[in-house]
Amino acid sequence: MRSQIEGQLKAQLESRKTRSLLRSLVVIPESSADFSSNDFLGLARNPALGSRFLKELASFPKHSPPLGSTGSRLLDGNSRYAEDLEVIIANFHHAEAALIFNSGFDANVGFFSSVPQPGDVILYDEYIHASVHDGMKVSRAGVKKAFLHNDLHHLAELLQNIRREDGERAAVSSESPKERNIFVAVESVYSMDGDTAPLREIVDLLEPHGAHLIVDEAHATGVYGLHGRGLVNELGLESRVFARLHTFSKALASNGAALVGPKILKDYLINYARPLIYSTFTSFSNLASVKSAYEMLISGETVKLVESVRGLITYFRSNIQIPEHMLLPSTSPIQGIIMDGNAKVNALSQQLIRAGLNVKPIRFPTVPKGKERVRICLHSHNTQEQVEQLIQIVQAWIQEDRATMSVTMPAILSISPSTELPVTEEQKPSLQSTSTPSLSSSRPALSMSTLSAKPVRPLHSKL
């Protein structure tokens, strides 16, 4: 007999299932073409990185260091090896200091839960990562407000309101209250939309208000900037950004992350960031993997891999023919096809998976309702033929879905342009027509039944 809590858990899972929201763990077949992972440069299976990693491990004396870190970094888990790696990372990213965390999630939670002081202000892009939200939940900041995604006008309005309030408080206070610290959280490349933040404009906006910018570079590390230093580096803004988060688990094929910024920030986080203080530190083998990946970046070995990814991004966006509003406006390796509803993105994802292409659905509530999408990640190890196969399956599926919708929609009254009927003001909005972008006829219409799991012959050769 199930306990009460087991019954409640089962009911909640059944509710998710009926809404096409149920999650489960799956094992991806090795034969699948990868269009889902964050392994943008293909380093996870790169022989050069593998060789560097094994050589690094072999350089350790027997049983020194140990396999695991053996404890929290503030107890027994720290090492000269970890501190030397932080110097390498800080120098590479042109920062005063770097502090390694077990994950990017831990780093964001550690920062936003501890750095903002009582009464401070956190402004964050509405699409910011869940880890920032979890950090803000336990933050001592007095104000936590979202601004519309990449909306400079909305951000400027919030900044002006905050400083006006500070001025009003100072005018009525017998003391001289300090201005509140303002922290602004953005991602350089957004994980679900693939678009980039207008970092240069944001920095210009923040500086007159004395606000501090924190940039999550998780999806830019390795891909943007000189030798993969990130988008902040590419735009020449390193000295104007308070803190940056660089993760090792995406393009660098390892685990963990580093916050880079002022040395005083590192010292403060060592004292107050709970995820760092109360977690066993990452293993030596992982630190060796991170070091090996950074050596590849520093040596320039990943430059050609980045060029390969950029070529596939150009090919994908130049050749896919779907209604413009369905394609995410992204120039990063993260692309996406937007559809309305969890059921549709699930169906298209399953169609692609059956064809041997690993593409995952991103559903509400992970993304806003009506903005559900299949998330497509392009990598240096993808081929042009695989991308072409993906394009054809997506186009054919959308064509069939639109055809099905047109058949099942209720018939509506057709009114000739020359016919004049009396219309009241209340009725006018219901007769306004909307047009749907048509699919390009540059490609032959394909039925889903004509597409196999084998890569199709490319129709274009623009690379």
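# Reading the strands, helices and cores of a predicted model

User: Let's start with one pair. Which residue in β6 is the bridge partner of glutamate 187?

Analyst: Aspartate 216 in β6 is the bridge partner of glutamate 187. Keep in mind that this is a predicted model.

User: How do the two strands run, and how many bridges join β5 to β6?

Analyst: Strand β5 (residues 182–187) and strand β6 (residues 212–216) run parallel, joined by five bridges.

User: What is the order of the strands in the open sheet of seven?

Analyst: Read across the sheet, the order is β2-β8-β7-β6-β5-β3-β4, and the pairing is mixed. Now look at the edges: β2 and β4 each have a single partner strand, so one side of each is left without a neighbour in the sheet. On average, neighbouring strands here are turned by 20 degrees against each other, direction ignored.

User: What do β3, helix α5 and β4 make together?

Analyst: They make a right-handed β-α-β unit, with α5 covering residues 130–137. The two strands, β3 (residues 121–125) and β4 (residues 143–147), pair in the parallel sense over five bridges. To find the pairing by eye, go to valine 121, whose bridge partner in β4 is valine 143.

User: Which strands do helices α6 and α9 lie across?

Analyst: Helix α6 (residues 152–172) lies across β3, β4 and β5, at about 155 degrees to β4. Helix α9 (residues 263–272) lies across β2, β7 and β8, and runs at about 30 degrees to β2.

User: There's a sheet of three strands too. Is its pairing parallel or antiparallel?

Analyst: Antiparallel, in the order β9-β12-β11, and this sheet is also open. The edge idea works here as well: β9 (334–338) and β11 (360–362) each have a single partner strand, so one side of each is left without a neighbour in the sheet. Neighbouring strands of this sheet are turned by 35 degrees against each other on average, direction ignored. Three bridges join β11 to β12 (residues 373–377), and proline 361 has valine 374 in β12 as its bridge partner. Helix α13 (residues 342–354) packs on the sheet and touches β11 and β12, with its direction at about 170 degrees to that of β11.

User: Now the inside. Which residues touch the most other members of the largest nonpolar core?

Analyst: The general idea is that in soluble globular proteins, nonpolar side chains tend to be buried together. In this case, the largest nonpolar core has 88 residues, and Ile89, Leu123, Leu213, Phe316 and Ile337 touch the most other members. Helix α11 (residues 284–299) gives the largest share of this core, eight residues. Another core lies apart from it, with 23 residues, among them Phe101, Met136, Ile214 and Leu276.

User: Which residues does phenylalanine 316 touch?

Analyst: Leaving out residues up to four places away in sequence, phenylalanine 316 touches Leu327, Gln335, Ile337, Ile376, Leu378, Val387, Leu390 and Ile391.

User: And what covers the buried residues of α11?

Analyst: Start with how a helix is read: an α-helix has 3.6 residues a turn, so residues three or four places apart point the same way. The buried residues of α11 include Phe284, Leu287, Val290, Tyr294 and Leu297. Their cover includes α2 (47–58), α3 (80–92), β2 (97–101) and β7 (243–247). From first C-alpha to last, the 16 residues of α11 reach 22 Å, close to the 22 Å expected at 1.5 Å a residue. Just after α11, glycine 300 takes a positive phi of about 85 degrees.

User: How many helices and strands are there in the protein?

Analyst: The protein has 14 helices and twelve strands. Of its 463 residues, 47% count as buried.

How values were computed:
Residues are numbered from 1 along each chain as its sequence is written. This is a predicted model: local features need pLDDT of at least 70, side-chain atom pairs count only at pLDDT 80 or more; totals for chains, interfaces and linings use all residues. Side-chain values use heavy atoms; hydrogens and water are left out. A nonpolar core is a set of buried Ala, Val, Leu, Ile, Met, Phe, Trp, Tyr and Cys residues joined through side-chain atoms within 4.5 Å. Buried means under 20% relative accessible area, exposed over 50%, partly exposed in between (1.4 Å probe, protein chains only). Helices (H or I, at least four residues) and strands (E, at least two) are DSSP runs, numbered from the N terminus. Contact means heavy atoms within 4.5 Å. The expected span of a helix is 1.5 Å times one less than its number of residues. Two strands pair if DSSP finds at least two bridges between them. A crossover is right-handed if, with the strands pointing away from the viewer, the path from the first strand over the helix to the second runs clockwise. Axes are lines fitted to C-alpha atoms, for helices over the stretch in contact, and angles run from 0 to 180 degrees between N-to-C directions.
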